[in-house]
Amino acid sequence: MTDPALPPIVDRDTWQRELDALRVREKAATRELDAIAAQRRRLPMVAMGDYVLDGETGPVRLVDVFAGKSQLIVYHHMWFPGEQWQCPGCTGFTAQFTRLEFLDNYDARFVVVTQGPIDEAVAYKRRVGNQMTWYSTANSPFGADVGAPAGGQFAVNAFLRHNDQVYRTWHTKRAGPNSSATCSR
C-alpha cells in the first residue's frame, strides 16, 4: 500500500503566508461572483406566448403552471422515448428535492418538464418517487422555444409572471454554456 499524497510540511510563517495569499484570491473570486450575481439580477426578460403544456390532469396554460406564484423554475428533464429508465443525471438531480415548501418564502414554484408523453412521465415520476409536479411539452413548442428541444440535453429556465403575462428571465443548459456533457447512460 502506498502513502496518500500529502501537502508539503512547512514552518508556521510559510503556512501563514500561503494562507494569506489564498485569502486574497478567494476574496477576489467572491467579488467576481457577487458582480456576476448582480448582472444576472439585471438581465432583461422576454415575453412568452400563451403556451399550453400537458399536466397530470390535462392541458395547463403556462401562466397556470405558476399556481398563483410570481416565479417559476422549470427543470427540463432529458427524455428517451419508450425507455423504462430515463437519464440518471436528471433523475438523481430531481430526486434531491423532497421539501419545496421553502420556495413559498420566495413566491416561487419548481416543476419538472419533459418532452416525453405525460402518461409516461407521470409513471416515471411515481416509479422513482419524485415529489415535484411534472408537465410534458410533447404536444407543445414550449420546450424547443426555451432551449429544451426533444432529444436535447437538460435545461433550467426561470420565469416571472406579472398578471397573466409570463416572462423568461434566465436559462442554462447542460453543464455550462460551452459544455458537451451528455447523459451518462
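The UniProt annotation "coiled-coil region", taken from an unreviewed entry, covers residues 12–39. In the predicted model examined here, this span is 100% helix and 0% strand, and its end C-alpha atoms are separated by 40 Å. The annotated residues 12–39 fall within domain 1 (11–42), which is followed in the division of the protein by domain 2 (46–173). A distance of 36 Å separates the C-alpha centres of domain 1 and domain 2.

The secondary structure of the protein comprises five helices and eight strands. Read from the N terminus, these elements follow the order α-β-β-β-α-β-α-β-α-β-α-β-β. The radius of gyration is 21 Å, well over the 16 Å given by the globule rule for 185 residues, and the protein is therefore more spread out than a compact globule. Along the principal axes, the C-alpha atoms fill a box of roughly 70 × 45 × 30 Å. Of the 185 residues in the protein, 35% are buried.

Two or more lining residues are contributed by each of α1 (12–42), β4 (71–77), β7 (155–162) and β8 (165–173). The lining includes Arg40 and Arg41 together with Leu43, and a further group formed by Gln71, Leu72 and Ile73. Ala158, Phe159 and Leu160 also line the pocket, as do Thr169 and Trp170. By class, the lining of this pocket consists of seven nonpolar, two polar and two charged residues.

A search of the whole structure identified one cavity of 30 Å³ or more. The largest cavity holds about 90 Å³ of space and is lined by 15 residues, of which His76, His77, Gln115, Ala148 and Pro149 are the closest to its centre. The elements that give two or more residues to this lining are β4 and β5 (108–114). Six nonpolar and nine polar residues make up the cavity lining, with no charged residues, whereas the lining of the largest pocket has two charged residues. Strand β4 gives two or more residues to the lining of the largest pocket and likewise two or more to that of the largest cavity.

Conventions: Residues numbered from 1 in each chain as written. Predicted model: local features only at pLDDT ≥ 70, side-chain atom pairs only at ≥ 80, totals over all residues. Heavy atoms only, no water. UniProt positions renumbered as here; feature names shortened; annotations may be inferred. Helix = DSSP H or I, 4+ residues; strand = E, 2+ residues; numbered from the N terminus. Domains from an automatic or database assignment. 1 Å grid on protein atoms, 1.4 Å probe; cavity = no way out; pocket = protein on both sides within 12 Å on 5 of 7 lines; lining within 4 Å. Nonpolar A, V, L, I, M, F, W, Y, C, P; charged D, E, K, R; others polar. Rg over C-alpha atoms; globule rule 2.2 N^0.38 Å. Buried < 20%, exposed > 50% of the residue type's maximum accessible area, 1.4 Å probe, protein only. Points joined across faces, edges and corners; volume = space filled by probe spheres on them.
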